[in-house]
Amino acid sequence: MIVIVGGTPLGGEIRASGAKNAALPAILASLLTSEPVVLHNVPRLLDVETAVELIRALGKEARWEGNTLNLWGGEHLAWEAPAELVQRMRASFLVLGPLLARLGRARVPLPGGCALGPRPVDLHLHGLARLGAHLALADGGVFAEAQHLHGACVYLDFPSVGATEQLLFAGALAQGETTVVNPAREPEVADLVELLRKMGAQVIWHTERLTIRGQRELGGAEHTLIPDRIETGTYLLAGAITGGRVRVQSAQPQHLAALGDRLILAGCELEQGEDWLEVRGPVRPKPVDLRTWPYPGFPTDLQPPMVAFLARAEGRSTVTETVYAARFGHVEPLIQMGAKIQVAGSIQVVEGVERLRPAQVEATDIRAGAALVLAALAADGVSFVAAEQHLSRGYEDMLGKLGALGAKVWREEG
Ligand code: UD1
């Protein structure tokens with residue numbers, strides 16, 4: 001349980017951690033080689049620990065030195081991924097591509113549904129089948145086999161981050177050239193491309209297509225992960241919602257253009273330098289409309305915290321979720337805290353209220369958890385937010401960073 005005494009404007013500066021969503025595929029990319037892969041700026045959080053546990057279970061060695069992760073070994077990888085680890089974290093499904101490419105066969109359990117609604121892997125499977133994989137679904141898992149993966153042209157019906165990464169993995173060791181039309185353009189995908197290039201992959205990257213020329217083998221590499229734009233955005237919103245002033249250092253402002261635009265429309269003052277952003281929140285925000293969209297659109301992962309911020313706006317905002325069918329886990333608990341939100345299909349209509357009130361609430365997923373923490377920081381009084389498990393999956397030392405900004409927040413058993 002996280003206890004938050006809200007009502008104090010946050011102030012000061014913190015440093016962004018490395019991006020969780022860049023770390024996970026980077027760790028799994030090490031399965032493509034037995035040479036050493038050294039990753040710097042890796043955030044120490046639960047999902048990253050799960051990824052490390054997963055590759056260890058498959059035969060890799062891993063050693064931490066602070067935020068540097070050394071990965072090596074794996075000449076003889078296992079071809080079956082443990083169900084428990086894949087079900088714990090959806091991104092684990094990405095081991096299918098590397099295992100298939102290295103071993104010619106793989107068995108990976110299906111990740112199943114989640115709190116954000118159904119999240120199928122049809123695009124992953126469609127792409128791998130195009131590259132010559134024979135796929136069979138049985139006992140809740142995917143069995144894939146391919147003597148030789150070969151390059152192909154794959155059109156993605158939606159620019160899925162995971163499917164694009166899966167195809168980069170498989171294409172990197174396939175015979176010939178693989179082209180992904182309508183790939184994801186998220187900075188974390190670009191970061192994975194950077195790492196794969198350092199490992200010897202040949203990737204040509206255009207906005208609407210990416211091409212990867214398969215290699216017989218890939219080598220080791222050393223790589224520093226990009227900063228976490230979702231974490232950065234969360235702390236900027238924490239500053240904004242409390243009417244405070246927060247600076248996030250070691251960030252990449254160009255990855256947060258959509259959020260910056262909406263913060264300014266909402267009446268925030270926003271300043272930025274090459275690697276920092278600083279927000280100054282208004283007494284109450286102006287209402288703004290937005291819709292989530294694949295990068296460079298407004299990130300779905302910042303939608304719940306943004307709704308928490310707009311819950312105090314002077315007027316009505318509409319927030320449309322286009323990436324996930326059911327990313328509304330934050331709505332009920334925010335209503336418990338006094339917010340006025342109605343959900344109609346994919347649209348949330350947020351009628352701003354002057355004050356949020358403290359409450360005891362529970363989160364359903366990582367970003368809903370962040371939204372509730374933000375709302376509690378803005379509510380006058382003591383809130384109890386049951387979100388620790390979710391938050392430690394996605395945020396490195398959140399309580400420490402909020403504390404450094406002057407928040408009165410601590411952990412309590414029970
Ligand atoms: C990644 C991020 C996650 C973020 C999401 C969207 C990681 C580890 N996670 O998740 O934080 O919220 O991008 O920016 O990087 N879909 C299909 N079929 C598929 C694949 C996806 O229908 O085969 C759908 C999903 O159900 C979802 C949408 O496409 O509605 C986006 O999914 P995708 O871009 O694949 O997200 P992830 O890679 O799972």
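**Salt bridges, sheets and helices**

Reply: Let's start with Glu49, which counts as partly exposed at 29% relative accessibility. Keep in mind that this is a predicted model.

Me: OK, and which residue does Glu49 form a salt bridge with?

Reply: With Arg44, where the closest N and O atoms are 3.7 Å apart. Arg44 is partly exposed too, with a relative accessible area of 36%.

Me: How many salt bridges are there by this rule?

Reply: The count comes to 18. Another one of them pairs Arg245 with Glu278, with the closest N and O atoms 2.7 Å apart.

Me: Where do Arg245 and Glu278 lie?

Reply: Arg245 is in strand E14 (residues 245–249) and Glu278 is in strand E16 (residues 276–280), so this pair ties together parts that are 33 residues apart in sequence.

Me: And is Glu278 buried or exposed?

Reply: Buried, because its relative accessible area is 10%, and the cut-off for buried is under 20%. Arg245 has 37% and is partly exposed.

Me: What about Arg411, what's its salt-bridge partner?

Reply: That's Glu388, and the closest N and O atoms are 2.3 Å apart. The pair links distant parts of the chain, with Arg411 in strand E23 and Glu388 in helix H13 (residues 388–394), 23 residues apart. Arg411 counts as exposed at 51% relative accessibility, while Glu388 comes out as partly exposed at 26%.

Me: Switching to helices. At what angle do H1 and H2 pack?

Reply: Helix H1 (residues 20–29) and helix H2 (residues 46–57) pack at about 5°, with their axes 10 Å apart. That makes H1 roughly parallel to H2, since angles under 35 degrees count that way.

Me: Which residues meet there?

Reply: On the H1 side it's Lys20, Ala23, Leu24, Ile27 and Leu28, and they meet Asp47, Val48, Ala51, Val52, Leu54 and Ile55 in H2. The residues of this contact split into nine nonpolar, no polar and two charged.

Me: Now the sheets. What's the strand order in the one with E23?

Reply: It's an open sheet of four strands in the order E21-E22-E1-E23, and the pairing is mixed. Strand E21 (360–362) and strand E23 (408–411) are the edges, each pairing on one side only. On average, neighbouring strands here are turned by 20° against each other, direction ignored.

Me: In what sense do E1 and E23 pair?

Reply: Antiparallel, over four bridges, with E1 covering residues 2–6. Within that, Trp410 in E23 is the bridge partner of Val3.

Me: Which helix packs on that sheet?

Reply: Helix H12 (residues 366–378), touching E1, E21 and strand E22 (381–386). The direction of H12 makes about 35° with that of E1.

Me: And what's the order in the sheet with E9?

Reply: E9-E10-E12-E11, an open sheet of four strands with mixed pairing. The edge strands are E9 (153–155) and E11 (202–205). Neighbouring strands are turned by 15° against each other on average, direction ignored.

Me: How many bridges pair E9 with E10?

Reply: Three, in the parallel sense, with E10 made up of residues 177–181. Val154 has Val180 in E10 as its bridge partner. Helix H6 (residues 161–172) packs on this sheet, touching E9, E10, E11 and strand E12 (209–213), and the direction of H6 makes about 25° with that of E12.

How values were computed:
Residues numbered from 1 in each chain as written. Predicted model: local features only at pLDDT ≥ 70, side-chain atom pairs only at ≥ 80, totals over all residues. Heavy atoms only, no water. Pairing = 2+ DSSP bridges. Helix = DSSP H or I, 4+ residues; strand = E, 2+ residues; numbered from the N terminus. Axes fitted to C-alpha atoms, helices over the stretch in contact; angles between N-to-C directions. Contact = heavy atoms within 4.5 Å. Salt bridge = Lys/Arg side-chain N within 4 Å of Asp/Glu carboxyl O. Buried < 20%, exposed > 50% of the residue type's maximum accessible area, 1.4 Å probe, protein only. Parallel < 35°, antiparallel > 145°, perpendicular 65-115°, else oblique. Nonpolar A, V, L, I, M, F, W, Y, C, P; charged D, E, K, R; others polar.
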